[in-house]
2 protein chains.
Amino acid sequence: VGVGAVGGLYGARLAGAGYPVRFVARSDAAHLRQHGLVLESPWGDLQIGEPDVYDDPRQVPVSDIVIVALKTTENERLPSLLGPMLGPQTSVVFLQNGLGIEEGQRGALGDRALLGGLCFVCSNKVGPGHVRHLDYGRVVLAADRDRAEVASAVADDFTAAGIPASVEDDLALARWKKLVWNVPFNGLSVVLDALPQDVLADPHGRSLVAELMSDVQRGALACGKKIDDDFLTTMIDDTVAMRPYLTSMKLDFDSGRPMEVEAIFGNPVRAARAEGVELAAIDALYRQLAYLDAHRR
Amino acid sequence: VGVGAVGGLYGARLAGAGYPVRFVARSDAAHLRQHGLVLESPWGDLQIGEPDVYDDPRQVPVSDIVIVALKTTENERLPSLLGPMLGPQTSVVFLQNGLGIEEGQRGALGDRALLGGLCFVCSNKVGPGHVRHLDYGRVVLAADRDRAEVASAVADDFTAAGIPASVEDDLALARWKKLVWNVPFNGLSVVLDALPQDVLADPHGRSLVAELMSDVQRGALACGKKIDDDFLTTMIDDTVAMRPYLTSMKLDFDSGRPMEVEAIFGNPVRAARAEGVELAAIDALYRQLAYLDAHRR
């Protein structure tokens with residue numbers, strides 16, 4: 001569900017490996033039917049000539065796995081969107097950043113297996129049905145309850161399709177760890193109009209990054225999840241080594257699209273606050289972004 | 001010294017009232033000589049047809065009062081700039097925002113009377129030798145040591161020239177109180193690309209303002225200066241009532257000119273830190289602005 005930078009990349013890989021993938025697209029549906037799905041990727045370029053495309057999600061038959069690759073700003077629409085494709089045995093994988101994703105959908109999805117899929121990837125949609133995968137691409141999968149066997153099965157399928165995938169047993173910890181990158185670099189790229197590398201190359205920028213990462217670490221700890229200092233250092237080193245890349249939030253902002261402010265910033269602030277811990281640096285950035293989100297659109 | 005939005009307004013008022021004002025201008029000197037100084041103002045429009053203009057400050061004779069109306073980003077140049085116009089009895093008035101202004105010049109200026117002049121004014125330079133004064137305009141004068149008689153004399157001259165002026169006896173307190181407005185509205189206008197009124201009309205924006213004002217209040221208290229809560233409320237109410245106005249920092253940023261980041265943000269953070277108090281909200285905004293200042297120019 002969603003054929004953008006993330007859904008287009010992983011969907012093309014899975015379809016290219018022979019998996020029966022149903023693509024639920026909105027604006028690009030007609031283009032996908034006519035011209036197929038084009039993926040440029042360091043893993044090999046792919047062209048899915050005749051993807052199985054649906055523009056009306058109610059037409060999608062019951063499916064084994066539903067992969068949600070929409071932005072979290074659309075999650076309110078999910079219950080009505082997913083309805084008919086969900087059978088009693090269907091599992092749902094959320095390829096989305098942020099906190100509180102599975103919890104937010106649990107009410108509508110009952111006791112189905114819900115998985116988080118954290119994508120460490122540089123990928124952009126550069127046109128209708130056209131995705132440019134630039135770098136990285138690893139997916140970390142984790143189930144939000146005791147459904148590790150489903151996470152393993154999905155990881156196996158991803159791996160068979162040439163997608164580096166692994167399973168972690170603590171979804172909340174995995175989501176907090178992903179925020180160590182997303183909070184500083186998504187947020188500052190918008191407010192400072194900058195690439196992640198530019199931010200790190202400036203002493204003031206680097207100190208803002210360090211403060212935000214440390215807030216994520218404190219928030220995780222407040223929620224019972226420990227992130228080592230080494231992990232923060234690694235995230236910074238990896239980012240310096242990364243090829244220059246406009247974050248998805250910066251691309252959304254520049255295009256006047258909604259930014260994922262609540263999932264990536266608001267939810268961790270509130271989760272820590274519920275445990276009595278204030279994340280002042282993230283909270284200030286959250287409110288700046290919420291302002292910009294409301295006024296840019 | 002400096003014929004911009006502030007120097008042009010107050011210089012024109014003083015010259016118009018018959019005071020012998022010497023205007024030290026840089027880029028506008030030739031224009032001022034040819035076309036004079038034009039002031040549009042709710043206090044009455046003024047045209048100073050033949051202002052006494054100097055482009056080389058070393059040509060300015062020794063003067064009774066030197067009024068510095070440059071941006072604080074130029075203060076490093078002041079010692080060499082002011083040299084020849086300073087006699088032993090000359091007093092210097094800094095019409096500048098921020099903290100640490102007089103302290104920063106004390107070494108070069110000896111035991112002359114140094115005054116801070118805080119301008120509560122909406123004024124823009126709209127072209128060479130052309131200032132548009134929009135609203136307000138009150139000047140609060142205070143001497144940085146026990147030279148209240150000089151502050152009173154300058155306030156009398158300002159008043160005689162139709163400029164609402166008053167004297168306060170605590171310069172540091174007056175400078176901290178001015179920061180209650182400058183820190184949130186100068187800073188957020190740049191980062192959020194917004195007018196002060198827009199920021200206050202948004203719940204996230206208003207909460208950012210409240211947090212920054214409270215940081216200024218805590219910083220002042222750390223330095224032994226008490227600002228009442230009522231003063232913060234008044235600043236917010238006055239700003240809501242103010243006519244829409246792009247802050248000077250926003251105008252500087254939009255034009256690629258240096259912003260007064262150190263005087264208005266860095267100095268209060270360091271002053272409070274020296275007393276063992278961290279102003280985290282101001283510090284984060286300081287580093288964002290320092291980044292933007294370095295990368296915009």
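1. A salt bridge here is a side-chain nitrogen of Lys or Arg within 4 Å of a carboxyl oxygen of Asp or Glu. Under that rule B:Asp228 and B:Lys226 form a salt bridge, with their closest N and O atoms 3.6 Å apart. B:Asp228 is partly exposed at a relative accessible area of 46%, and B:Lys226 is exposed at 58%. The classes are buried for under 20% relative accessible area, exposed for over 50%, and partly exposed in between (1.4 Å probe, protein chains only).

2. On conventions: the model is predicted, so local features need pLDDT of at least 70 and side-chain atom pairs count only at pLDDT 80 or more, while totals for chains, interfaces and linings use all residues. Residues are numbered from 1 along each chain as its sequence is written, chains are lettered from A and ligands numbered from 1 in the order in which they are written, and side-chain values use heavy atoms, with hydrogens and water left out.

3. Extent of the interface. Contact, meaning heavy atoms within 4.5 Å, involves 22 residues of chain B and 22 residues of chain A. The copies meet through the same surface, because 100% of the interface residues of chain B are also interface residues in chain A. About 1,900 Å² is buried between the two chains, and carbon and sulfur atoms give 61% of that. Buried area is the accessible area (1.4 Å probe) that two parts lose on being put together, summed over both. On the side of chain B, the residues that lose the most area to chain A are B:His204, B:Arg287 and B:Tyr291, together 36% of what that side buries.

4. Polar and charged pairs across the interface. Between chain B and chain A there are two salt bridges and seven residue pairs in polar contact, both residues being at pLDDT 80 or more. A polar contact is a pair of N or O atoms within 3.5 Å; within protein, one must be able to donate a hydrogen and the other to accept it, and residues adjacent in sequence count only if both atoms are side-chain atoms.

5. Make-up of the chain B side. Which helix of chain B gives the largest share of the side that touches chain A? Helix 12 does, with 10 residues. At least two residues each come from helix 6 (171-191), helix 7 (196-201), helix 8 (203-222) and helix 12 (280-296). Helices (H or I, at least four residues) and strands (E, at least two) are DSSP runs, numbered from the N terminus.

6. One interchain pair in its setting. A:Glu211 and B:Arg287 form a salt bridge, with the closest N and O atoms 3.0 Å apart. These residues belong to a network of salt bridges that links A:Glu211, B:Arg273, B:Glu278, B:Asp283 and B:Arg287.

7. Salt bridges on strand 8 of chain B. The count over all chains is 44 salt bridges. In one of them, the side chains of B:Arg132 and B:Glu40 meet at 3.4 Å, N to O. B:Arg132 is in strand 8 (residues 130-143) and B:Glu40 in strand 2 (residues 37-40), 92 residues apart. B:Arg132 is partly exposed at 34% relative accessibility, and B:Glu40 is partly exposed at 26%. In another, B:Arg243 meets B:Asp135 at 3.6 Å, N to O. B:Arg243 lies in the loop between helix 9 (229-241) and helix 10 and B:Asp135 in strand 8, so this pair ties together parts 108 residues apart in sequence. B:Arg243 is partly exposed at 45%, whereas B:Asp135 is buried at 18%.

8. Buried or exposed: which is B:Asp252? B:Asp252 counts as buried, at 6% relative accessibility. B:Asp252 is placed in helix 10 (residues 248-254) of chain B. Leaving aside neighbours within four places in sequence, B:Asp252 is in contact with B:Lys71, B:Arg257, B:Pro258 and B:Met259.

9. In chain A, A:Arg257 lies in the loop between helix 10 (248-254) and helix 11 (261-274). A:Arg257 is partly exposed, with a relative accessible area of 40%.
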